[in-house]
Amino acid sequence: MSSRREFLKKTGLASSLAFMGFSAFSASPKKLSLTIKNSPVVISTWRFGMPANMVAMKVLYNDGRALDAVEQGVRVPEADPAVTSVGYGGLPDFSGRVTLDACIMDETGNCGSVAFLQNIKHPISVARKVMEDTEHVMLVGQGALQFAIGNGFKKDVLLTKGAEKAFLEHKNAIKKAKYDEIKRSQEEDHDTIGMLALDKNGNLSGACTTSGLAWKMHGRVGDSPIIGAGLFVDNEVGAATATGRGEAVIKTSGAFLVVELMRMGKSPQEACEIAVQRIIDKQADHKDFQVGFLALNKKGETGAFAIKKGFQFALHNGSENKLIDSEFKI
Ligand code: SD4
């Protein structure tokens, strides 16, 4: 074989390996040595993504699956009473009840989801159980609760004193008919954690969990437990998650749209920007709400974009964890 052909063969192999996640390649006449070095990545929504990322990255450093990383990661804000928009301590609905939505999706395209779930601190782990132990994708309400209890999850009171106080103040605002105030506070009092991870084997997974919009109608379910809206993962392409006004995300199949745009060759950043633009173009009231998207592709590249100023996300690239202000459109 000519030396040129040999060189091309090696280079081709090196670039295929790089794409597959083998980033260091060295060859000697006697021995090929490969170093597997797929740098893990975790990206998640909002400030509370920072401690969540640390837990997720620990799983990935220890050669864990992206699926375990995202589940362990989002359990951090789920358990934190200071986070008033996820899990325990979440602000209640219009009737004073805390109702939770969550979903999870792995590298095989398998997924599980719970919606309108009450009294369970870690809906993400129930969603994972639905994915792994049933033939279904989604359980809701009482059925989801019974399934959780039947699988050993403990019933908890999720409404903290602080959340109850905020609820009572909100009720007074209703009595005074300060509807603008209520609407504004709805916009401020909701923040989902959506988390995407790429593990050392080059596999992607995602998780999304929330108590949803504060003061929502009893029974209302947002985008966060809807596969394709609040979360989508395609291990050949990338993963995406959403935060913000769930109705707007559902109307545009947000996370699925972002992943499909990446499939068509867009970078994660371009994909998030186009998806936000789609909402702006199609939804005339877009100035009244916030939506933010995060995306992560197979190569570990990330993107983030929001309708309005204020969306933040946490990015751990394997060596450092950073809180970043997202770019935005209006
Ligand atoms: C929902 N998307 O229930 C969630 C809430 C949220 O930032 O993400 N807020 O609509």
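Predicted model: local features only at pLDDT ≥ 70, side-chain atom pairs only at ≥ 80, totals over all residues.
Met138 lies in strand β6 and, at 36% relative accessibility, counts as partly exposed (buried is under 20%, exposed over 50%, partly exposed in between). Local features need pLDDT of at least 70 and side-chain atom pairs pLDDT 80 or more, whereas totals for chains, interfaces and linings use all residues. Residues are numbered from 1 along each chain, and side-chain values use heavy atoms, without hydrogens and water.

The open sheet comprises eight strands in the order β6-β5-β4-β8-β7-β3-β13-β14, with mixed pairing (pairing requires at least two DSSP bridges; strands are DSSP runs of E with at least two residues, helices runs of H or I with at least four). Strands β6 (138-140) and β14 (321-325) are the edges, each pairing on one side only. Strands β4 (residues 100-105) and β8 (residues 204-210) run antiparallel and are joined by five bridges, with Met105 opposite Gly206 in β8.

Helix α4 (residues 123-133) is largely enclosed by the rest of the structure, because eight of its 11 residues are buried, among them Pro123, Ile124 and Met131. The buried residues of α4 pack against α3 (66-79), β4, β5 (111-117), β6, α5 (141-150) and β8 (contact means heavy atoms within 4.5 Å).

Note on methods. Buried < 20%, exposed > 50% of the residue type's maximum accessible area, 1.4 Å probe, protein only.
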